[in-house]
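Open the model in your viewer and keep the selection tool at hand. The tour goes stop by stop: what to select, then what is there.

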Amino acid sequence: MKSAAPGALNKFQTWQQTTFHALRWPHYRRYWMSQMLSLVGSWMQTTAQSYLVLELTHNNSAALGWVTVAQFTPSLLLSLFAGAVIDRMPRRRILLTTQITLMLTSLSLALTTHFGGVSLGLVMVLAFVAGTANAFDMPARQSMVADFVPREDVANAVALNSLSFNLSRTLGQAVFGVVAALGVSLLGGGNADNISRLAFPFYLNVVSFVVVLWVIATLPFPVRERGGHPAVLDDIREGLAYVRVTPSIRYTLMLLGLLSLTIINFNVIIPYFARAVYGLREGGFGALNAAFGGGAMVGALWQASRPNPLRNLRLGAVLLIVSAVVLAFVVNIWIAGVVLACCGFSMLTFLISANSSVQLTVPNALRGRVMSLYSLVLVGSAPLGALVSSNLIAQHGLFGPKWGLCVLAALGALTVLLLWRRIPRVLPGRK
């Protein structure tokens with residue numbers, strides 16, 4: 001027994017060093033920690049916004065789908081253009097602009113919810129503005145990983161970015177119920193049904209932006225080499241041509257896009273199941289969302305310690321589909337939480353594998369454009385995916401929640417089968 005303890009300790013230390021390897025670089029560590037703090041507020045807002053939409057519309061899944069359309073349509077329209085801009089302009093300027101815009105949309109949502117001016121139409125407008133900012137913000141943040149870590153740590157940094165995203169997701173969604181309860185006394189006059197209570201998470205999100213703005217303003221972004229200034233359309237064309245002649249990226253993006261159209265729509269599935277199927281209030285609503293985020297966090301931790309991210313690309317996709325089918329038939333909310341954790345784990349395993357494989361293949365000169373195409377495929381397919389999902393799982397629709405989710409899983413399974421042999425198995429330069 002005594003001899004086993006040092007061995008276990010050594011294994012834990014080895015795992016810790018491998019998993020958090022990229023955090024040894026101080027500039028990346030500083031950025032990573034600020035993003036995690038800010039994202040807690042962002043996930044509180046996302047959860048509160050979904051709850052707000054369902055409360056405004058009496059649990060209308062289509063309304064939730066249309067808000068998602070408004071939020072992600074800008075990425076569909078602007079991502080390719082955004083990539084060319086990101087490769088031309090300083091990252092700092094882009095990120096400061098996008099983060100300030102996102103902070104202002106949060107403030108607008110907080111004030112209108114607090115003082116009774118909020119409506120579904122206003123939520124959609126603000127979602128569209130925030131989505132426009134995110135069309136530039138997401139690929140800029142993804143491509144800046146290589147600014148602060150060497151190439152050998154890029155895969156680990158990508159996984160740690162996903163870890164911070166999902167750790168924040170878990171915390172933000174878990175505390176939503178507590179924050180909304182505080183909002184009842186602080187903003188809702190003690191009335192648990194007063195919609196003003198939902199403004200409190202939005203106010204807290206505004207405060208969280210201050211930290212990340214300060215870090216972005218003071219980080220020493222490296223100067224990037226930029227030769228000449230060809231036309232933006234030529235830049236876009238060059239990025240598309242690279243993806244077209246690089247099968248490993250092309251088929252990875254195809255799988256990512258098709259799964260995003262079908263089964264990767266948990267921003268619609270989870271809120272609707274929580275409210276309409278399980279009939280949960282704020283606390284249970286946040287807890288069910290947090291269960292998914294907790295599983296995603298574990299998936300990000302697991303991926304951070306994997307040397308070859310492509311090994312789990314297929315595994316993550318298959319586990320995601322199986323977990324979704326199981327969720328469709330679960331009636332107990334505690335078991336549903338466990339299954340959603342499995343969904344989160346498998347989705348992050350797949351997404352980190354896809355992101356890392358693209359990041360480790362693309363040259364630095366094309367990174368912004370290719371990552372903007374990645375964002376276009378992942379986020380730009382969300383509008384159509386949200387509409388498909390919200391209609392298939394609607395209680396009064398053709399299939400209903402249970403069989404509608406099964407149809408989504410079946411479509412995802414067909415996608416995986418069609419692309420199975422074309423998905424890359426090793427990174428460039430590895431055997």
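Start with N59. N59 is partly exposed, at a relative accessible area of 26%; partly exposed means between the limits for buried (under 20% relative accessible area) and exposed (over 50%), with a 1.4 Å probe and protein chains only. N59 sits in the loop between α2 and α3. Helices here are DSSP runs of H or I, at least four residues long, numbered from the N terminus. The phi of N59 is near 65°, positive in a residue other than glycine.

H58 belongs to the loop between α2 (26–56) and α3 (61–88). H58 is not a glycine, yet its phi is positive, about 55°. H58 counts as exposed, at 70% relative accessibility. For context, most residues other than glycine have a negative phi.

Before going on, a word on the model. This is a predicted model, in which local features need pLDDT of at least 70 and side-chain atom pairs count only at pLDDT 80 or more, while totals for chains, interfaces and linings use all residues. Residues are numbered from 1 along each chain as its sequence is written, and side-chain values use heavy atoms, with hydrogens and water left out.

Colour by pLDDT, the predictor's confidence in each residue, from 0 to 100. The protein chain averages 81, and 89% of the residues score at least 70. Confidence is lowest in helix α1 (residues 4–19), with a mean of 63. It is highest in helix α4 (residues 91–114), at 92.

Next, the aromatic pairs. Rings of Phe, Tyr and Trp (its six-membered ring) pair if their centres lie within 6.5 Å; planes under 30 degrees apart are stacked, over 60 edge-to-face, and the rest tilted. The count comes to 4 aromatic pairs. Select Y51 and F176: this pair is tilted, 5.9 Å centre to centre, with 55° between the planes. Y51 lies in helix α2 and F176 in helix α7 (residues 154–186), so the pair ties together parts that are 125 residues apart in sequence. Both Y51 and F176 are buried. Move to F273 and Y278, a tilted pair at 6.4 Å centre to centre and 55° between the planes. F273 is buried, with a relative accessible area of 4%. Y278 also counts as buried, at 15%.

Go back to Y51 and show R275. R275 lies over the face of Y51, 4.6 Å from the ring centre. A charge sits over a ring if NZ of Lys or CZ of Arg is within 6 Å of the ring centre and within 35 degrees of the ring normal. Then find W420: the charged end of R314 sits over its ring, 5.5 Å from the centre.

Now select helix α17 (residues 400–419). Its buried residues include G400, G404, L405, L408 and G412. Among the elements covering them are α10 (247–262), α11 (266–277), α13 (313–328) and α16 (382–392).

Zoom in on L405. Leaving aside neighbours within four places in sequence, L405 is in contact (heavy atoms within 4.5 Å) with residues including I263, F273, A324 and I393.

Finish in the core. A nonpolar core is a set of buried Ala, Val, Leu, Ile, Met, Phe, Trp, Tyr and Cys residues joined through side-chain atoms within 4.5 Å. Which of the 124 residues in the largest nonpolar core touch the most other members? They are Y28, L253, I263, F266, F350 and L405. Helix α14 (residues 333–359) gives the largest share of this core, 11 residues. Last, select M44, L187, A199 and F200, which are among the 5 residues of a second, separate core.

Technical notes:
Helices (H or I, at least four residues) and strands (E, at least two) are DSSP runs, numbered from the N terminus.
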